[in-house]
Amino acid sequence: MRMILRVILFVSLPHLIMSQDNTDKSKFRQLGTELPTPNTYRTASGAPGHEYWQQKADYEIDIVLDDVQQTIQGSETITYTNQSPDVLHYLWLQLDQNIRAPNSMRDRISQFTISPTTGFDDLNQLHQTFDGGFKLLEVKDLNGTNLHYTVVETMMRVDLPKPLKPGMAYSLHIKWWYNINNRMEIGGRSGYEYFPLDDNYLYTIAQFFPRMCAYTDHVGWQHKQFLGRGEFTLPFGDYTVRITVPADHIVAATGVLQNPKLALSEHQRKRLEQARVASTPLMIVEPDEALKNESSRATSQKTWVFAAQNVRDFAFASSRKFIWDAMGTTIGNRTVLSMSFYPKEGNPLWEKYSTKVVDHTIKTYSKYTIDYPYPVAISVHAQSIGMEYPMICFNGGRPLADGTYPVGTKHGMISVIIHEVGHNFFPMIINSDERQWTWMDEGLNTFVQYLAEQEWDRDYPSRRGPAAFITEYMAGDKAFIAPIMTNSESIYQLGNNAYGKPATALNILRETVLGRELFDFALKEYCTRWAFRHPSPADFFRTMEDASGTDLDWFWRGWFYTTDHCNQALASVTWYQPNTKDPSVEKPLAREGFDKREKGISELMNDSLLPVTKVEADTTLRDFYNTHDPYGIYTVDELDYESYRNKLDTKDLDLISQGWNYYEIAIENIGGLVMPVILLMEYTDGSHEVVRIPAEIWKMGDHKVTKVFPRKRELARVVLDPYLEIADTDRSDNYYPPQPSPTRFELFKMQRENGGENPMQRMERNENLKK
């Protein structure tokens, strides 16, 4: 029998009607042509296939750092092992320093616009004449025979004298030199920082040698030009590197020091051994010793020898200014040396925090990914930098000259150390293609960085991760937003696109879509599968689905392949109650509704200004309907009700007599990005509940959905996305009843440049005033 529902309250909230498109554009269609076909190298589950292979490149490198001329002179022997099923006729190498060669491609394609804010520094960049490109001296085989090579901007092709067959290895020898760039003047991931007060240099050196390009099953040779933004794609191998520097320099590098008796003093060696079991950092090079080194000018040289196994790259830092501390970090049944190298200008921040942050980072990342496999983890301080390499990274975060620091400097330093140390996992171990897909290392790393920051200190002010932090970017001008799945060199707003948005997406996947348990298992499975291998985006997407048992194609499509944003809106809330047909119940309610109806202006005016109507004046015009009370309760009504009840079974009678309310809530998807629907429902009795509806509610139509909620309690308030989980870009339409949100504005005067105090300086002045 059909039940009649009466509408108690209908509230239609302001919303945007989206156009209909009948073509097959379902947000839930599978990622078909977007992903490569699975094969014996990479499976449909996202795991390496039974025939997966990757190449190997081993290096013997000799480097001389000239602290007078600021140059690097180097020679190397590369042994390249072809573990692919393909025959190779040539090898491709990366010459990254050629980005600083005169008339480089990067310079030729760079764009510049003069505006009212253009300054001297901007114009000076246009006149930059520094030549930092590689100067190749020889490319030979091990017999000393010259090899034919062709330099193509930042790449070099070496033609092999005979084809390199599968399973075979080939060795070549290269000599070169280049000028080291002043990083503080012209920038760069590598270079030097000059300290004029003590006339010293701090070198952070990377991309300093010709490196093998990656050759993979899904790309072939990855020889896209290095233009500065898309970073590096490299094969794994073993390194032995001999670094010759002034004898009073301290060197930090990828790998393990092989000649400590020659490189370190007896005291330093003893302290280094003690540090392995120390639970707090121990000084290896004391501040007083570093200060003494600053004024020395050794005329002799010292060679530091480092070895590293199964790494994809190598970097080092060198300076006579370095303070050096270290502590042991337990990872599984191994001890890792967590270490920091920094000039005195980094204190007090660096001696207080750096090594403990390194320790915290590799522990936290190991929990969420794989156990940190390398023997050391190093943080080096240089101004205005954040750059990562295997086992070593270069990080900014410097106090003011008086030793105080704004809280932003402290948190910025901690965050950059977590981020750059975290890059050991993404991409140094889980070795994705940075040149093509920045997000695969920066996005995943930023996400785990967020987890590590939150475990560092409660309510840590993370910049990226929570959904609400990305809404302004996602709601922005689509002309300047690219999908995450865009090549590194073609991305607008790199930080938001490749760092912030992927990190936010993963945090939403963890907290809202999958839940922590499923997500953490799946991420750990991905990291385990692809540690020391070359994953692609498809491998990540497929593994996350495979390990979580969840179809996430809709999520990847929306977040990674489109620029859609999330803007859900409460379109309407309608309150229904069953019509009992009991005249003793329904007719009084109907009378009350009539009496409380909203009257129009004419009816209101006539009530007070119209003295008498024609029917009121002429009673002969009146009939039954003028005197009949439609809301009266009559015997016929009671008999009809009794007849109606006799036709109902017990279940139906209970349904109409137990006081059920039915709330029909309509939600619109204005932004286009399908996401779960999360509702906070508050009731007049003070109780509340959170209703979580999976994103699949949109599967039959992604513009508007309607759901009915039967409740015995009376609804007082509804909030859509109450805990800021889905990156909703406009929350003004998320409330029933509608809720105005005041925006506070601040009146201010511009402070003079450098005229403000940080809180540490202010409190120091306060103490002096009290004295």
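Val380 has Phe394 as its bridge partner in β24, in what is a predicted model, where local features need pLDDT of at least 70, side-chain atom pairs count only at pLDDT 80 or more, and totals for chains, interfaces and linings use all residues. Residues are numbered from 1 along each chain as its sequence is written, and side-chain values use heavy atoms, with hydrogens and water left out.

That bridge belongs to the pairing of strand β22 (residues 376-381) with β24, which is parallel and runs over four bridges. Strands here are DSSP runs of E with at least two residues, helices are runs of H or I with at least four residues, and both are numbered from the N terminus; two strands count as paired if DSSP finds at least two bridges between them. Strand β23 (residues 386-389) also pairs with β24, this time antiparallel and through four bridges, with Glu388 bridged to Cys393. The β23 and β24 strands make a hairpin with two residues between them, and Met391 in that turn has a positive phi of about 70°. As for β24 itself (residues 392-395), both of its faces are covered: Ile392 and Phe394 are buried on one side, Cys393 and Asn395 on the other. Buried here means under 20% relative accessible area, exposed means over 50%, and partly exposed is in between (1.4 Å probe, protein chains only).

Ser338 sits in strand β21 (residues 334-342). Its relative accessibility is 0%, so Ser338 counts as buried. The side chain of Ser338 makes a polar contact of 2.7 Å with that of Thr329; a polar contact is a pair of N or O atoms within 3.5 Å, where within protein one must be able to donate a hydrogen and the other to accept it, and residues adjacent in sequence count only if both atoms are side-chain atoms. Leaving aside residues up to four places away in sequence, Ser338 touches Asp325, Ala326, Met327, Thr329, Thr355, Val358, Asp359, Ile362 and Ala377, contact meaning heavy atoms within 4.5 Å.

Another piece of strand structure is an open sheet of four strands in the order β6-β7-β4-β11, with antiparallel pairing. Its edges are β6 (149-152) and β11 (211-212), each of which pairs on one side only. Strand β4 (residues 88-94) is joined to β11 by two bridges, antiparallel, and Gln94 stands opposite Arg211.

On the helical side, α15 (residues 553-560) is mostly covered, with eight of its eight residues buried. These buried residues pack against α10 (438-456), α11 (471-474), α12 (494-513) and α14 (537-548). Phe555 of α15 is among the buried residues, and in the largest nonpolar core, which has 188 residues, Leu91, Phe316, Phe540 and Phe555 touch the most other members. A nonpolar core is a set of buried Ala, Val, Leu, Ile, Met, Phe, Trp, Tyr and Cys residues joined through side-chain atoms within 4.5 Å. Phe540 touches Trp439, Met440, Leu444, Leu506, Leu523, Tyr526 and Trp556, not counting residues up to four places away in sequence.

The largest pocket holds about 650 Å³. Its lining is made of 21 residues, with Ile99, Arg106, Leu227, Gly228 and Arg229 nearest its centre, and the largest share of that lining, three residues, comes from helix α1 (residues 105-109). Residues lining the largest cavity include Ala214, His218, Asn431, Asp433 and His534. On a 1 Å grid over the protein atoms alone, a cavity is a set of points where a 1.4 Å probe fits but cannot get out, while a pocket is an open set with protein on both sides within 12 Å along at least five of seven lines; lining residues have an atom within 4 Å of a point. Grid points are joined across faces, edges and corners, and a volume is the space filled by probe spheres set on the points.

Further along, strand β27 (residues 677-683) has six of its seven residues buried, so β27 is largely enclosed by the rest of the structure. It pairs antiparallel with strand β28 (residues 688-693) over six bridges, Val677 standing opposite Ile693. Between β27 and β28 lies a hairpin turn of four residues, where Gly686 has a positive phi of about 90°. Five bridges, again antiparallel, link β27 to strand β30 (residues 715-720), with Leu680 opposite Val719.
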